[in-house]
Amino acid sequence: MEDILKIDRVVKRFTNLTAVNEISLNVKRASIFGLLGPNGAGKTTLIRIITSITGADEGTVYFNGEPLNKFHPTKIGYLPEERGLYKKMKIGEHLLYLAQLKGMDYKSARKVVLEWLDKFEIRNWWNKKVEELSKGMQQKVQFIATVMHDPELIILDEPFSGLDPINTNLIKSEIYKLKEKGTTIIFSTHRMEQVEEICEEIALIDKGKVILRGRVDDIKQQFKEHKFEVSFNGQFNEEMIRGKADILDRNQDSLIFKLQGETGSNQLLMNLIQQGLEIKSFSEILPGLNEIFIREVEENAL
Amino acid sequence: MIFLQTSINRQKNTIMHKLWLIIKREYLIRVKKKSFIIITLLTPLAFGLFIIGSGLLAKTMADSKKSVLVKDDTGIFERNYEGDGNILFDFTRADVNDLKNTYKTDGYDMLLVIPAVIDTSFKTHNAQYFAEEKIGLTTLERIESIISYQFENYKMEKAGIDKAMLEDFKVDVGLQNGYTMETAVDEAEKSTATDKTGKLSLIIATVLGGVMGFLMYMVIFIFGSMVMRSVMEEKVNRIVEVMISTVKPFELMLGKVIGVGGVGLTQLLLWVILIPVIAMIAGIFVNDPMQAAQMTDAMTQLPQDTGDFSVAMVLAEFKLLNWWVILPVFIIFFLGGYLIYSSLFAAIGSAMGDDMGESQGLMWPIVIPVIFAFMIMMNTLENPNSSLAVFGSIFPLFSPIVMPARLVFDPPAWQIITSLVLLVLTALLFIWISGRIYRIGILMYGKKVTLKEVGKWLFRA
């Protein structure tokens, strides 16, 4: 089965608002899926429904084709945005405890925990208490707790907040490795540059509804504004592109413009070459997810 | 079909296994704490030290015989005085000013000067004492009463009242419990069941009942708020969301309640074993029956005329109590009361925000019944069979505190059984109710919650 997760018209209402309003989504197996949306959009509620923390009022969530049941939570690893650990517990016993709750027996839990601690080179933390660790260090422990039972689906809510660049890269490379192994990752964040870098597909949620979804590349194409940047040697004058493009920004040896009407980029480029400009580079400027995000959310607010 | 069966079994097993893991963690994390070990061991030790201390005190009190040199200008005291155990009086006629200088070197602790009586109808009379060391209040009062007794006798004699006749007017009334006399099994017990036993058993029942009721009251508040604090901590810590993506909120709550309850039970059992052992060792240390008797007097502050209950009588009374009923029933009430209130505490803790002070109002549903129960319990000790006591010992929110206090007074069996059944049912109901509140409360952040809202959570899907 290609989709590990299928969310079918799920609704969750609270007293004063509908947090999730008929959301339907599919998440492909062994992909990294970005779940985006402004604060209060309903992301956390949706995640809580997927992880069986709360129940949906309407609709169904299918995990591997089956409606969610009691065994599924052990196949999911969830790193909430608001996360914590028992302060007084030692790292080793804490991870063992969580691993056993996830259904592992003591022996294999111990083995796996030690493997992960070795992987992050923090085996000497085994007897350290949680409260002795810094926030960033605790984050690593929390990441291990999320993935150590080898879940099929991992949900990471702002996994890099509070991490330094080195540890961010460490975790990022682990995420890629997990994906290579066939694990599916749902990644929720506000940091669009991370989404662009990591995710293959995204869904943008606002006010409890999906307002945009698809492959990152497709979405960018869908929102492209026919903007190009060209850099050159030689003398440029505006007459060269009159009626074909609007100049947005102009420097000594580069130009940003937007094509008009039916004009193709090749046509314009040819035009410039024919008129004696020596082209050094020519590229299309695709919109960033950040812009798309802001624009879509603002439009949705109207 | 077989597959379905095994899958159901596996499901049951995993739930029990998870619950067990939670209980184990909640239990071990507390039992391994230094503060728990210290308090659990120190309390019996403190108890032992108290016994040894008061034993030694009694000893020093007994040792401190005071010798007093009396210059009695009235002559009344000197003529009639018959002697007193702890205070030795010697009489002298020497000059006061000389005596002041010499009484110390002559080996007296104190010089007492009683000036002559001028008016024989005197109502007050002032004597003086001289002492270098501080004289204890008890000693002074004792001397005062000795002198005043002598003056009383002297005045009676003067007025021609026959003291023996006066004594004949006095009647000493002893109220005794007829049932206690009958239940004394063998002759030996019957003989110890003297005319004072009825009252003694009442005193023992009152003290024991009070101790058990008070213990329940303490247990509910101490361990209940321990559960509450730990729920709040999980919520504030944000570990709770990680936890409940793995286990059901109800399992988490139940595991916590049972784990902390186990801690309470462990402490109680250790004390039940350690306190008597240490008390015995301390008793050997003090090791003097007479002093032990004095010591129990000092400890219990019983009125004068009960002072001569011997330790043997108290022990015999203890043996007469129906321990095979009292102990198990007490433990069931302990568990039931603990479950009811600690699950409530867990529910309230889940509804509280990061700021405990802000949500203090949520505590009332717990505090009010417990305080009521405590007041009824105190009243029960006075009137163990009043209708208030009967009601309090059956109504399940009060019974965990009131019934243990009443147990020693032999309440009818049907009342105990009714109360137990109601208690168990209520405990189950409250665990269920609290679970419903808890599952919503732990995920509720940044919002001040009112009792009304908490009530609504009960009915939420």
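Which residues are buried in helix 17 of chain B?

**View 1. Helix 17 of chain B and its cover in the predicted model.** In this helix, B:Ser399, B:Pro400, B:Ile401, B:Val402, B:Met403, B:Pro404, B:Ala405, B:Arg406 and B:Leu407 are buried, where buried means under 20% relative accessible area with a 1.4 Å probe and protein chains only. Helix 17 of chain B is thus described as mostly covered, with nine of its nine residues buried. The model is predicted, with local features needing pLDDT of at least 70 and side-chain atom pairs counting only at pLDDT 80 or more, while totals for chains, interfaces and linings use all residues. Residues are numbered from 1 along each chain as its sequence is written, chains are lettered from A and ligands numbered from 1 in the order in which they are written, and side-chain values use heavy atoms, leaving out hydrogens and water.

**View 2. The crossing of helix 15 and helix 17 of chain B.** The axes of helix 15 (residues 364-382) and helix 17 (residues 399-407), which are lines fitted to C-alpha atoms over the stretch in contact, come within 8 Å and cross at roughly 15°. The two helices are therefore roughly parallel to each other, a term for angles under 35 degrees.

**View 3. Residues meeting between the two helices.** B:Val370, B:Ala373, B:Phe374, B:Ile376, B:Met377, B:Thr380 and B:Leu381 in helix 15 of chain B meet B:Ile401, B:Val402, B:Ala405 and B:Arg406 in helix 17 of chain B, contact being heavy atoms within 4.5 Å. By class, this contact has nine nonpolar, one polar and one charged residues.

**View 4. Chain B as the setting.** Chain B has 19 helices and four strands, and buried residues make up 43% of its 461 residues.

Notes. Axes fitted to C-alpha atoms, helices over the stretch in contact; angles between N-to-C directions. Parallel < 35°, antiparallel > 145°, perpendicular 65-115°, else oblique. Nonpolar A, V, L, I, M, F, W, Y, C, P; charged D, E, K, R; others polar. Buried < 20%, exposed > 50% of the residue type's maximum accessible area, 1.4 Å probe, protein only.
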